[in-house]
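Dear colleague,

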Amino acid sequence: MKPKKGKFAGLLILVLMFVLSACSGGGSGASGGASPSSPDTSTPGNEAPAGSDQKEPVTIEFMGHGNPNEKKIFEKLIASFEEKYPHVTVKYTSVPPGEYSQKMTTLISSGKVPDVFYVGGPEFYRFAEAGTLLNIQSYLDQTSLFNPDNVWKQAMDRYRFDGSKVGAGDMYGLPKDVGPWSFVYNKDLFDKAGVPYPSATAGEWTWDDMLEAAQKLTVDANGDGKPDQYGVGAYSLESAVWANGGEFIDYETGTVKVNEPAFYEAMQFVADLNQKHKVSPNQEAEQAMNAYTRFINGQLGMFAMGPWDQPAFWELPFGWDIAAWPASPNTGQTATWLGSMGFAVSAKSKHPQEAFDLAAFLSLDEEGQRENYQLGQAVPNLINMAEGEFKEMDKGPQTRQVFLDIIQDYGRPNVIAFSKDTQWYDTFNQNAYKVWNGEMSAKDFTAQIQPKMQELYDKGNK
């Protein structure tokens, strides 16, 4: 009799469940049941709801790089991801930036590639071409997180690959960030010297204006030729060259163009800031104390910063803000570089859906993007968030619109973004000291180095 009683009890429970479900609108999704439009969780990009107990526990590995502050930020972001996707555990490894490339090369050669990892520039090109990266287009097409009209195209295009070139084709990564390299200044030093602040509007402040301000901000209290305070430091060569109408390379034709007047005149301008005008630390002074440290210490009037510098700058004991990069007086144009790092998924990941979910959360999820910018890590990848709450944030910089202007108007991919072999560019940087220390003029140096750069580019990229 007991078995029959057990069957009757089980039947009664089923009947009651059916009745309760019907009374609460079962089938319409009102009680958490599947609705006709509920996603098929077996297809890429359609994630199970947070808290679902239908997923088996999964562990994925994620590797990135950065300073200790960035590591703390990502630990918080990963905790938020794991809360939203409770069946996933993320093993996060952060290595020093200088060791990252070699670490990734070793992991790839040993077949131990992390499920998700940072990638950008030439490494993205090489890894995509070699088949190391998963084509995530199908996952992206089906995830509800992605609205192509609300993500910076300038960032997304950096992670497209059509089999032969970067910038077109399917997605093989998602932007970790889009990094506008802005011009930052110490407001307290400007106030003390009685110098007007640089303009936040592109084109209104020129190289001549910047030099005049830098001369007033440079202080040599001891008169020994070694200033205690400099006007400007580590001025961006890329900004000067592009603003002046020059190019490092024409990628369409593969022609290295450093020996053209627009390039070497801009390079000479940057060199003269320390060689001729003495308003910027020379190589010896830079080795004694780099420009970043000088700015943090309040001993440098103008410098450069990316959004990732915000947490450290929020702690500074002096006022600061960002401005548009100075325009070339020859062209009236302003320019700077627009960096980016991406999240890639390993083509050999055993858990591609969960790996994509992590990359998408860090790159596209509204909650993740909000936490990311509030922690001072980046400008949001989501356009409406960047133009709304991010711009209205009550922490420095005050003129946050400058970040957005760079993204939308005058920021350019860094020089090697579309080059898979960088020996041509590395050779330039390794020998540019001849100009920075006054050994050679920029005109003579670029005439000498251009043929070697062209040879290396042709060998490694064509």
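Against which helices do the buried residues of α16 pack? Before the answer, a word on conventions: this is a predicted model, in which local features need pLDDT of at least 70 and side-chain atom pairs count only at pLDDT 80 or more, while totals for chains, interfaces and linings use all residues. Residues are numbered from 1 along each chain as its sequence is written, and side-chain values use heavy atoms, with hydrogens and water left out.

The buried residues of α16 pack against α15 and α17 (401-410), where contact means heavy atoms within 4.5 Å. Those buried in α16 are I383, M385, A386 and F390, buried being under 20% relative accessible area, exposed over 50% and partly exposed in between, with a 1.4 Å probe and protein chains only. Helices here are DSSP runs of H or I with at least four residues, strands are runs of E with at least two, and both are numbered from the N terminus.

Helix α15 (residues 366-374) and helix α16 (residues 383-390) have axes that come within 11 Å and cross at roughly 45°, and that makes α15 oblique to α16. Axes are lines fitted to C-alpha atoms, for helices over the stretch in contact, and angles run from 0 to 180 degrees between N-to-C directions; under 35 degrees counts as roughly parallel, over 145 as roughly antiparallel, 65 to 115 as roughly perpendicular, and the rest as oblique. The crossing of α15 and α16 is right-handed, a term used if the near helix is turned clockwise from the far one by less than a right angle, anticlockwise being left-handed. On the α15 side the contact is made by E366, Q369, R370 and Y373, and on the α16 side by M385, E389 and F390.

Helix α15 also meets helix α2 (residues 68-84), with axes that come within 10 Å and cross at roughly 160°, which makes α2 roughly antiparallel to α15. This crossing, too, is right-handed. Here I73, K76, L77, S80 and K84 in α2 meet E367, G368, E371 and N372 in α15.

Turning to the strands, β7, β14 and β16 form an open sheet in the order β7-β14-β16, with mixed pairing; two strands pair if DSSP finds at least two bridges between them. The edge strands, each pairing on one side only, are β7 (179-180) and β16 (411-412). Strand β14 (residues 336-339) runs parallel to β16 and is joined to β16 by two bridges, with T336 opposite G411. Helix α17 packs on this sheet, touching β7, β14 and β16, and the direction of α17 makes about 95° with that of β14.

Strand β15 (residues 342-345) has G342 and A344 pointing one way and F343 and V345 the other, and all are buried. Strand β3 (residues 116-119) runs antiparallel to β15 and is joined to β15 by four bridges, Y118 having F343 as its bridge partner. Strand β6 (residues 174-175) is likewise antiparallel to β15, with two bridges, and the bridge partner of L174 is F343.

For the chain as a whole, there are 20 helices and 16 strands, and 50% of the 462 residues count as buried.
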